[in-house]
Amino acid sequence: MCDAHIRHGSDYTIVQQIRTTLEGRIAVATLNGFSMSLAISRGCLQGSVLSPLLWCLVVDDLLARLSENGAFIQGYTDDICLLVMGKFLNMLSGLMKWALLTVQTWCNEVGLSVNPDRTGFVAFARKRKLLGFFEPQFFGVKLSLLGLVKYLGVILDSRLTWREHVDVKTWKAHNLL
């Protein structure tokens, strides 16, 4: 995190203050009179005012890497949406493979990880069959093609009909009434 601050030209004093805040933390858990301590070597303080700023500074490098080579990436808090577009499935497959490999490389460089089991993969297409499209791998896990994905509370289906999203919102509104 401090490296990201330095790359963005933050003042040395600010970087040192942030480093002091993040290093040397200890978490203590107590259950039935038994306590256990663990030194925390990564991450931000949950709920801290500083956490969103630090995340933005760190993830900015990933956003720039992916954006300069034809992939669209959108980040909000700790959720990231990656979008590749094109007419030919083999080109889309290659671009998606490159983008996921770029994310893996970046994670390894900055010491972060992504849970591939919580990663959704949807192909938005008019065609029903996607012949020639491979299911990409992410951190060694084959991503399955899903029919819909929920991102920032919006349910997107593969045909972009919005039917599932509208149904869920209607059901919730009906239950509130």
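**Notebook: aromatic residues**

I looked up Trp-162 to begin with: it is partly exposed, with a relative accessible area of 40%. Buried means under 20%, exposed over 50%, and partly exposed in between, using a 1.4 Å probe and protein chains only. Trp-162 sits in the loop between strand E8 (154–157) and helix H5 (163–176). Helices (H or I, at least four residues) and strands (E, at least two) are DSSP runs, numbered from the N terminus. I also noted that phi of Trp-162 is near 70 degrees, a positive value in a residue other than glycine.

A reminder on the model: it is predicted, so I kept in mind that local features need pLDDT of at least 70 and side-chain atom pairs count only at pLDDT 80 or more, while totals for chains, interfaces and linings use all residues. Residues are numbered from 1 along each chain as its sequence is written, and side-chain values use heavy atoms, leaving out hydrogens and water.

Next I searched the whole structure for aromatic pairs and found 1. Phe-138 and Phe-139 form an edge-to-face pair, 4.9 Å centre to centre with 70 degrees between the planes. Rings of Phe, Tyr and Trp (its six-membered ring) pair if their centres lie within 6.5 Å; planes under 30 degrees apart count as stacked, over 60 as edge-to-face and the rest as tilted.

Are these two partners buried or exposed? Phe-138 is buried at 4% relative accessible area, and Phe-139 is partly exposed at 27%. I found Phe-139 in the loop between strand E5 (137–138) and strand E6 (141–142).
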